[in-house]
Amino acid sequence: YGVVFILVGTVLYASMEMYGQISLIGALLCYLIIASISRHYDETKQKSKTLGNIIDLQLKYNEYETKQQLTMEFLRKVQVVTGAKQISLVHEVESGFLFRNNQLESNYIKRCHYEMLQHLFTEKRIRYVEKRAYLQIEATSDDDEKIESFLALPISETDQPSMLVLESEKCFAFEKGQIELCKLLVTAYQHALQQMTLMEAALYRSERCALTGLYNYGYLTERLQDMELQLQQGELACVSTIILDIDHFKQLNDTYGHECGDFVLITVASLIKNSLREYDIAGR
């Protein structure tokens, strides 16, 4: 940069010597043009980077093993785009509002007035407080932590009504372009969540008995094969298997009907599931 400034200064000095003060006007025009091009380039680069993040969320959702991992990546990408000090997912619960930050740490502190969030959840609209947001947020003990800018965006396609909340210590922290990019990220996140939910539902149906919710024969066979391999490799010390049968079940069905038999199966399955340890597997 030092070399560039020396060269620019030398050119300006030579121009003033040759053409006088009018050269300053030309230099100013050149500066404005270069600044405009540079700003446009930076904005295009930022949008390109954000679009790449959006594509990651939409197309690579199957690389995340859980919705929690997907959510953490979504919040991280939002922070990269906006530079916000604090980013949270807010869920409305019976006791108030549940905040989950970008580390997915949860708390129930009411950093915003209850009425304001309640209003936002009712209207399901974007809310942006550009400056003096701390007047609408509960006072903190440290004045340095006052929030100057506050942005809330509704999120649908989730298990419960949610809001993406961004907070910053700067006035006018979120530009229009950043808000639009956040909206695109929210849309990508919603789509990825929806796809993960469909995949989980399909996987559940393929592995479970539709009546009892216990694992089916195919899943049990695969798991037993895996455990046998683990036994051979010394990863497991032993495997215990219990096989249960309901006495006189055919007679029960013939006497009282299959609806009664289904009720017995569901009840027995529920008793078994409630007796399992975390690592036990029950199937039908």
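Is Y189 buried or exposed in this structure? Y189 is buried, with a relative accessible area of 4%; here buried means under 20% relative accessible area, exposed over 50% and partly exposed in between, for a 1.4 Å probe and protein chains only. This is a predicted model, in which local features need pLDDT of at least 70, side-chain atom pairs count only at pLDDT 80 or more, and totals for chains, interfaces and linings use all residues. Residues are numbered from 1 along each chain as its sequence is written, and side-chain values use heavy atoms, with hydrogens and water left out.

**Aromatic pairs**

- The structure holds two aromatic pairs (ring centres of Phe, Tyr or Trp, the last by its six-membered ring, within 6.5 Å; planes under 30 degrees apart are stacked, over 60 edge-to-face, the rest tilted).
- F74 and Y189 make a stacked pair, 4.1 Å centre to centre with 5° between the planes.
- This pair links distant parts of the chain, since F74 sits in helix 3 (residues 67-82) and Y189 in helix 5 (residues 176-207), 115 residues apart; helices (H or I, at least four residues) and strands (E, at least two) are DSSP runs, numbered from the N terminus.
- F74 is buried too, with a relative accessible area of 0%.
- The rings of Y215 and Y219 have centres 4.0 Å apart and planes at 15°, so this pair is stacked.
- Both Y215 and Y219 are buried.
- R208 lies over the face of Y215, 3.9 Å from the ring centre (for a charge over a ring, NZ of Lys or CZ of Arg is within 6 Å of the centre and within 35 degrees of the ring normal).

**Nonpolar core**

- The largest nonpolar core has 25 residues, and F74, V78, L164 and L166 have the most contacts inside it (a core is a set of buried Ala, Val, Leu, Ile, Met, Phe, Trp, Tyr and Cys residues joined through side-chain atoms within 4.5 Å).
- Elements giving two or more residues to this core include helix 3, strand 1 (86-93) and helix 5.
- Helix 5 provides the largest share, nine residues.

**Largest pocket**

- Helix 6 gives the most to the lining of the largest pocket, with seven residues (a pocket is an open set of points on a 1 Å grid over the protein atoms alone, where a 1.4 Å probe fits, with protein on both sides within 12 Å along at least five of seven lines; lining residues have an atom within 4 Å of a point).
- Helix 6 (217-232) and helix 8 (258-275) each supply at least two lining residues.
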